[in-house]
Amino acid sequence: MSYVLHYAPDNASLVVRLVLEELRLPYQTALVDRKVSAQHGAAYRRLNPVGRIPALETPTGPIFETAAICLWLADRHRDRVQLSPDPDAPDRGDFLSWLFFLSNTVHAEMRTLFYPALVAGDDIEQQGTARLQIEASLAKHFDLLNTAFASGRTKTDCCDIYCAVLLRWPVLYPVDADHGWFDLSRWPNLQGLAQRIEARDSARAAALAEGLGPTPLSNPHPATPPKGSAL
C-alpha cells in the first residue's frame with residue numbers, strides 16, 4: 001500500500017491528513033506550492049483536473065475531492081478504525097447526508113467567503129455585500145450542525161473530522177476581513193467537537209506537521225508551517 005497526499009498547509013488537505021492519521025495508515029506527502037500556483041500546473045492537474053487541493057495518489061490511481069477521498073479511505077480501511085458506517089448499516093444514509101452537506105454546502109459556501117470575486121466579480125462593494133450574505137448563510141448552517149452534533153457524542157467519524165476542520169477557517173480567512181460574525185462559543189456543541197478532535201493524536205500530528213499550534217480547531221492562530229504556504 002502506498003499513499004501520497006498532495007497538500008498545502010491549512011488547506012482542505014488537512015481533513016484528509018487527519019483521516020489518514022486516524023486510520024494509522026502509512027503515507028507520504030507532496031507539497032503543492034501555492035506561492036507559484038502549482039495547483040494549476042499541468043503536472044498537478046493530471047492528479048486533480050479541477051486544480052484544487054487535495055489529491056491523493058493510491059495504488060489504483062489518483063482521487064480528488066475531499067469528501068470522496070475521506071469516504072474512500074474510511075470504507076477501504078474499516079478493518080483498522082471505523083470512520084464510516086458499514087454500507088448496509090441503518091445510520092449509513094444519515095452519515096452520507098451530513099458528509100455531503102459539509103462538503104457540498106458548508107465547505108463550498110466557505111470557499112466563496114474566502115474568494116468573494118467568484119460570485120461578485122471585481123467590484124469591492126458587491127464583494128462586501130456577498131460576504132455578508134454568505135456569513136449569514138453559514139451561521140444558519142452552524143446552527144443546524146450544532147444540533148446535529150449533539151453534546152455527548154464520543155464516536156469519531158469522517159463527519160466529525162471534516163466539521164471540526166471547517167470550524168478553524170472562519171476565524172482566519174480571509175486574512176483582511178472582519179471575523180466578528182464567527183464566535184465558536186455561540187455553538188457549544190461544535191466548540192466541544194473542536195476541542196475533542198484537536199486533543200486526538202491524529203490532530204496533534206497534523207498540527208505539528210503544518211504548524212497549526214496547540215489549539216488548531218477551537219482557538220485557531222495563523223499557520224506557521226515548516227514548509228509551504230497556506231495561501
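Q: How far is the sulfur of Cys70 from the closest cysteine sulfur?
A: The closest cysteine sulfur to that of Cys70 is in Cys158, too far away for a bond. The model is predicted, and local features need pLDDT of at least 70, side-chain atom pairs count only at pLDDT 80 or more, while totals for chains, interfaces and linings use all residues. Residues are numbered from 1 along each chain as its sequence is written, and side-chain values use heavy atoms, with hydrogens and water left out. The distance from the sulfur of Cys70 to that of Cys158 is 5.2 Å.

Q: How many disulfides does a search of the whole structure find?
A: A disulfide is a pair of cysteine sulfur atoms within 2.5 Å. The sulfur of Cys163 has its closest cysteine sulfur in Cys159, 8.5 Å away, too far for a bond. Across the whole structure, the number of disulfides found is zero.

Q: Is Cys163 buried or exposed?
A: Buried means under 20% relative accessible area, exposed over 50% and partly exposed in between, with a 1.4 Å probe and protein chains only. Cys70, at 1%, is buried. Cys163 has a relative accessibility of 1%, so Cys163 counts as buried.

Q: What is the crossing angle of helix 1 and helix 3?
A: Helices (H or I, at least four residues) and strands (E, at least two) are DSSP runs, numbered from the N terminus. Axes are lines fitted to C-alpha atoms, for helices over the stretch in contact, and angles run from 0 to 180 degrees between N-to-C directions. The axes of helix 1 (residues 13-22) and helix 3 (residues 66-76) come within 9 Å. They cross at roughly 5°.

Q: Which residues of helix 3 make the contact with helix 1?
A: Contact means heavy atoms within 4.5 Å. Helix 1 supplies Val15, Val16, Val19 and Leu20. From helix 3 come Thr66, Ile69, Cys70 and Leu73.

Q: How many residues in the contact of helix 1 with helix 3 are nonpolar?
A: Ala, Val, Leu, Ile, Met, Phe, Trp, Tyr, Cys and Pro count as nonpolar, Asp, Glu, Lys and Arg as charged, and the others, Gly among them, as polar. This contact has one polar residue and no charged residues. The number of nonpolar residues is seven.

Q: Which residues of helix 3 are buried?
A: Elements that cover the buried residues of helix 3 include helix 1, strand 3 (55-58), strand 4 (61-64), helix 4 and helix 7. The buried residues themselves are Thr66, Ala67, Ile69, Cys70, Leu71, Leu73 and Ala74.

Q: Is helix 7 roughly parallel or roughly perpendicular to helix 8?
A: Angles under 35 degrees count as roughly parallel, over 145 as roughly antiparallel, 65 to 115 as roughly perpendicular and the rest as oblique. The axes of helix 7 (residues 158-166) and helix 8 (residues 188-198) come within 9 Å and cross at roughly 105°. Helix 7 and helix 8 are therefore roughly perpendicular.

Q: How many charged residues are in the contact of helix 7 with helix 8?
A: Asp160, Cys163 and Ala164 of helix 7 meet Leu190, Leu193, Ala194, Arg196 and Ile197 of helix 8. By class, six of the residues are nonpolar and none is polar. The number of charged residues is two.

Q: How many residues does the largest nonpolar core have?
A: A nonpolar core is a set of buried Ala, Val, Leu, Ile, Met, Phe, Trp, Tyr and Cys residues joined through side-chain atoms within 4.5 Å. Leu20, Leu73, Phe142, Leu145 and Leu190 have the most contacts inside the largest core. Elements giving two or more residues to this core include strand 1 (4-7), helix 4 (92-114) and helix 9 (201-210). The residue count of the largest core is 64.

Q: Which residues does Arg186 contact, leaving aside its neighbours within four places in sequence?
A: Arg186 lies in the loop between helix 7 and helix 8. Arg186 has a relative accessible area of 45% and is partly exposed. Its contacts are Ala139, Asp143 and Trp181.

Q: Which residue does a cis peptide bond join to Tyr173?
A: Most residues other than glycine have a negative phi, and most peptide bonds are trans. Another, with omega about -10°, joins Tyr173 to Pro174.

Q: What is the phi of Arg24?
A: Arg24 lies in the loop between helix 1 and strand 2 (28-31). At 61% relative accessibility, Arg24 is exposed. Its phi is positive, in a residue other than glycine, and near 55°.
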